Structures are given as C-alpha cells and as structure tokens.
Amino acid sequence: QVQLVESGGGLVQAGGSLRLSCAASGNIFSINAMGWYRQAPGKQRELVARTTSIGSINYADSVKGRFTISRDNAKNTVYLQMNSLKPEDTAVYYCNVVGRGITNDFASWGQGTQVTVSS
C-alpha cells in the first residue's frame, strides 16, 4: 500500500504564488510518474502537470509558463510551484503517483488540497 500526503494549499490573491508538496511512502520499489491533477466544482478532473522517471514533463496549456513541477527522488516527493495564480486556478488539487511495489504495480491518489484564488 502506498500513501500520499499533500500539503501547501490555501487562499491567495490573484497574482500570488503557492507551492504544493506530495510525499509518497509505503510499499514503493520504483516510481514511474508523479503528477498533479485538479478538479473545480462542476468540472471533471484534469491534468495540471506530470513528470516521468525518464525526465519527460507535461503541462496543461492553461498553466504553461506559470506552474513548475519538480521532484525529489530521494524523498519520493513531487512539488508544484504555482505562480501568477488566477481565479480560474481555483480547485482541489490531487497528487497522483504511479509505480511498482515489491509485489504489485500501483497508482495512488492523494487526499486533495484546496487552492482558492481570489480576484
């Protein structure tokens, strides 16, 4: 079993910054990908940013140039630096980690952290 602990959400004014963190622990042998998704009220969950073990990074078009994803492999932690935040970035942000345990593959989700951007 793999546990994800997220932190860093909150309330910020438009134009401000927040940094999200997600630490993975438990039955982890290797991690293939770590990413952030978000879900706004009444909308589907969408990819924000994702990084893989071979170094590829993908961003949603709406966050390119404003958000930066990074990871600390030694700590099994992924970060999302969010700058120039806009009210439309308001959502619950979820961490997602895909990898392999000692005996099985896994795809785990964090509990979600609220990000609210006021205008």
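Apart from its neighbours within four places in sequence, Ser-25 is in contact with Gln-1, Val-2 and Gln-3, where contact means heavy atoms within 4.5 Å. The model is predicted, with local features requiring pLDDT of at least 70 and side-chain atom pairs counted only at pLDDT 80 or more, whereas totals for chains, interfaces and linings use all residues. Residues are numbered from 1 along each chain as its sequence is written, and side-chain values use heavy atoms, with hydrogens and water left out.

Ser-25 belongs to strand β3; helices (H or I, at least four residues) and strands (E, at least two) are DSSP runs numbered from the N terminus. Between the C-alpha atoms of Ser-25 and Val-5, which are 20 residues apart along the chain, the separation is 8.5 Å.

**Disulfide**

One disulfide is counted, the term denoting a pair of cysteine sulfur atoms within 2.5 Å. Cys-22 is joined to Cys-95, with an S to S distance of 2.1 Å.

**Aromatic pair and charge over rings**

A pair of aromatic rings is described by the distance of the centres and the angle of the planes. Rings of Phe, Tyr and Trp (its six-membered ring) pair if their centres lie within 6.5 Å; planes under 30 degrees apart count as stacked, over 60 as edge-to-face and the rest as tilted. The count by this rule is one aromatic pair. The ring centres of Tyr-37 and Trp-109 are 5.0 Å apart and the planes stand at 65°, so this pair is edge-to-face. Because Tyr-37 lies in strand β4 (residues 30-39) and Trp-109 in strand β10 (residues 105-109), the pair ties together parts that are 72 residues apart in sequence.

A charge sits over a ring if NZ of Lys or CZ of Arg is within 6 Å of the ring centre and within 35 degrees of the ring normal. The charged end of Arg-45 is placed over the ring of Trp-109, 4.6 Å from its centre. Arg-45 also lies over the face of Tyr-94, at 3.8 Å from the ring centre.

**Accessibility**

Buried means under 20% relative accessible area, exposed over 50% and partly exposed in between (1.4 Å probe, protein chains only).

| Residue | Relative accessible area | Class |
|---|---|---|
| Cys-22 | 0% | buried |
| Cys-95 | 0% | buried |
| Tyr-37 | 18% | buried |
| Ser-25 | 36% | partly exposed |
| Trp-109 | 40% | partly exposed |
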